[in-house]
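Colleague: Please take a close look at the ligand site in this model. Which residues are around the ligand, and what lines the pocket?

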Amino acid sequence: MADQATFIAPPSNVHAVAVRAVRHYTDGLFAFACQRPASFRFRSGEFVMIGLMGETKPLLRAYSIASPAWDDELSFYSIKVPEGPLTSRLQHIQPGDTILIGKKPTGTLILDALTPGRRLFLFSTGTGIAPFASLIRDPETYERYGEVILTHTCRTAPELSYGDEIVAAAKADPLTGERASAQLRHITSLTREPHALEGRITHLIETGALFEALGAAPLDSARDRVMICGSTEMLADTKALMLARGFQEGSTHEPGDFVIERAFVER
Ligand code: A2P
């Protein structure tokens, strides 16, 4: 029987849900999924506060939702920080454990924050790929854009596995498979190991190596729309490249040519 004296109920602004699956990719990266509470609605690409119950109150951090809005499962992709207050504990969760999920998803990496265009570029580094895992499995993405180009830059090859899997899942899914197979491109680059394409995304854009690899025309604000997710420095540098190319930043209130959001890394 539970010890009633030490049980602290989670507050009313979070759902308590059971973990369904956990998958470890590297020593520093893992993904987990839980059932979506019936009342929980969000737009593909948004983030939400998630976490665990602390000794007296919940310990919550912002996480992008890595599953699409139609899915009955909510999935997340996380780093493991040995000394991190949340991820040092969260990395040990098992199926059946309880996690807390905030009731107010939000964020800028949503289709409605962009004006219409022909090509959609999704630039990500590290766990910044998570919101794009959601968007590439949403049929609406392919209805709005003829071409969807997902780039993922990491330090080493094992860190690319999650992206390979979600792209394969988008191409195999009955809802998105046909369109993703025809419209989705996945370009990976590494910065600390040899790879077919090497270097930061900023470097690949500036040198044109990205467009050479794609066999496609360079960025043009008349036709291209862009979403960016990575570290604070990556966002600043990539955003500067967009502004220099005449792209206007959008928001949920005023759609534009590009939007940014930081990958939520615990400090
Ligand atoms: P690099 O290895 O040259 O630092 P992190 O894990 O530090 O967030 O890095 C993830 C990826 O993002 C790495 O490949 C890293 O390259 C790259 N990166 C780091 N800073 C920037 C930046 N300012 N602009 C573009 N890419 C960056």
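**The ligand and its pocket**

Modeller: The residues of the shell around the ligand divide into two nonpolar, four polar and five charged. This is a predicted model, and the description below should be read accordingly.

By name, the residues around the ligand are Thr125, Thr153, Cys154, Arg155, Thr191, Arg192, Arg200, Thr202, Glu233, Met234 and Asp237. Cys154 and Met234 count as nonpolar, whereas Arg155, Arg192, Arg200, Glu233 and Asp237 count as charged.

A nitrogen atom of the ligand lies 2.8 Å from an N or O atom in the side chain of Asp237. The backbone takes part as well: a polar backbone atom of Cys154 is 3.3 Å from an oxygen atom of the ligand, and a polar backbone atom of Met234 is 3.5 Å from a ligand nitrogen. On its own the ligand has 550 Å² of accessible area, of which the protein covers 80%.

In terms of secondary structure, strand S8 (147-154) and helix H8 (232-244) are the elements that give two or more residues to the shell around the ligand. The largest share of this shell comes from H8, with three residues.

The surroundings can then be viewed at the level of the pocket. The ligand sits in the largest pocket, which has a volume of about 790 Å³. Its lining comprises 24 residues, and those nearest the centre of the pocket are Thr125, Gly126, Thr153, Arg155 and Ser231. Among these, Thr125, Thr153 and Arg155 also belong to the residues around the ligand.

By class, seven nonpolar, 10 polar and seven charged residues make up the lining of the largest pocket. At least two lining residues are supplied by each of S8, helix H6 (201-207) and H8. H8 gives the most to this lining, with three residues, and H8 likewise provides the largest share of the shell around the ligand.

How values were computed. Residues numbered from 1 in each chain as written. Predicted model: local features only at pLDDT ≥ 70, side-chain atom pairs only at ≥ 80, totals over all residues. Heavy atoms only, no water. Near = heavy atom within 4 Å. Polar contact = N/O pair within 3.5 Å; in protein donor to acceptor, adjacent residues only side chain to side chain. Areas by Shrake-Rupley, 256 points an atom, 1.4 Å probe, with all protein chains shown as cover. 1 Å grid on protein atoms, 1.4 Å probe; cavity = no way out; pocket = protein on both sides within 12 Å on 5 of 7 lines; lining within 4 Å. Sits in = over half its atoms within 2 Å of the grid points. Helix = DSSP H or I, 4+ residues; strand = E, 2+ residues; numbered from the N terminus. Points joined across faces, edges and corners; volume = space filled by probe spheres on them.
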